[in-house]
Amino acid sequence: MSYLIFQRFSLIIQTIRLARPVELSDHPSERFKRMALLAFGQKKMFNKPLVGFFHFLIYIGFVLINIEILEIILDGILGTHRLFAPFIGSFYSGLMNFFEILAGGVFLACVFFFLRRGVFRTGRLQAANHKELVGFPVKDAYQILLIEVVLMLALWTMNGADSVLQTRGVEHYQSVGSFIISGHLTGFLSTLSTSALVLLERGAWWFHILGILSFAQYVTYSKHLHIFFAFPSAYFSSLESSAKMSAMPAVMHEVKLMLGQPVEEQPVTNAKFGAKDVMDLTWKNALDAYSCTECGRCTEQCPANQTGRALSPRKIMMDTRDRLEEVGGILKANRGAFVDDGKSLFDRISAEELRACTSCQACVEACPMELSPLNIILEMRRFQIMELSDAPGAWNAMFANVETNQSPWKFNPADRLNWAKE
């Protein structure tokens, strides 16, 4: 299982590295601070306090309960039972009860998110409202919640059976004290025979450990990949204002020449402007696509989407990730070599979606991880207009006026302030 997980991550990283390089290693202390606030601290999740609280319960439970998973794995390898108990003494019981409470928090959070999706039917999470969620995305969300609930139940079952076996003095089950949640199961479990309890405890142990490993493998194909990629994505996020758009070196060179400003040597550029496919984006754009949680906060805040336009920033991220997955499949089939399949991002993202974007930055501001659908839209729109010459007539007229008159309007630049004379 570990080998399969390693292979999967290797393929994802190989796919991301097909994208254009970009330097994002400056100001490491500030970047670590951003990672601590956005990824570890869940800072922007708490813009919606109730959702942020329950998400934090799942997050902190996932992180800390893995300490107990470490003990379970070592017990299996070494043939021991509750390996850490002799080393930390009476503190062990308190630690296990802390993990049980965390498991309870995870269980309640999963129930809350089940209700929020299936009963209260939050609009941005419904496939009926957003076509990008049709099929696997909704099924994936429910499956993850169900898996987490079942894993918590398996943990409590294992501990409950263990508690009863301790009281019966069964060999291998040393006394470590009672458990705060699974202790409530002992009344029912006490009616079972010792052999049945051992079978139940061992079955829950195996189910839990195999479930965790299977979950880790499944996550690499799921939107929950952000569990791993949220940290590097936050670290490498832009330190500049989200309102700043990157310039194209070749264009900046020409503009400076036109304005008589000093210029450096002609920059080395790609053969085309903008991005046609994922290889033309930066590796940070690709990492963002894999880090997207599909929460829909970006789409919820997008003014174009609110007014009924085709654009959904979440769909932009999901389409980019789907194309990356398609490219990854080609790499896997050809032993690491990419073979052109005649497809591109434009097969998934329409011209109408790209033109609907107002570049207002609402999607970037709303994203809990400050991912940027806008960067992808801008690069694709640059290719669309500058390479494909695919722009509405009104846009072309505006571009011509900017080029000849240095303004969007068709009059002499010297007359620009005539409107203010009276």
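**Briefing: cysteines, R382 and annotated spans**

C302 is buried, at a relative accessible area of 7%. The model is predicted, and it contains 0 disulfides.

**Cysteines**
- The closest cysteine sulfur to that of C302 belongs to C360 and is 6.2 Å away, which is too far for a bond; a disulfide needs the two sulfur atoms within 2.5 Å.
- C363 is likewise in no disulfide, with the nearest cysteine sulfur, that of C357, 6.4 Å away.
- C363 is buried, with a relative accessible area of 10%.

**R382**
- R382 sits in helix α17, which runs over residues 373–386.
- With a relative accessible area of 16%, R382 counts as buried, because the cut-off for that class is under 20%.
- The side chain of R382 makes a polar contact of 2.8 Å with the side chain of E379.
- A polar atom of the R382 side chain also lies 2.5 Å from the backbone oxygen of S246.
- Beyond the neighbours within four places in sequence, the contacts of R382 are S246, A247, M248, F273, G274 and E387.

**Annotated transmembrane spans**
- An unreviewed UniProt entry annotates residues 50–74, 94–115, 141–159 and 179–200 as "transmembrane region".
- Residues 94–115 are 100% helix and 0% strand, and the end C-alpha atoms of this span are 32 Å apart.
- Residues 179–200 are 50% helix and 0% strand, with end C-alpha atoms 17 Å apart.

Conventions: Residues numbered from 1 in each chain as written. Predicted model: local features only at pLDDT ≥ 70, side-chain atom pairs only at ≥ 80, totals over all residues. Heavy atoms only, no water. UniProt positions renumbered as here; feature names shortened; annotations may be inferred. Helix = DSSP H or I, 4+ residues; strand = E, 2+ residues; numbered from the N terminus. Buried < 20%, exposed > 50% of the residue type's maximum accessible area, 1.4 Å probe, protein only. Polar contact = N/O pair within 3.5 Å; in protein donor to acceptor, adjacent residues only side chain to side chain. Contact = heavy atoms within 4.5 Å.
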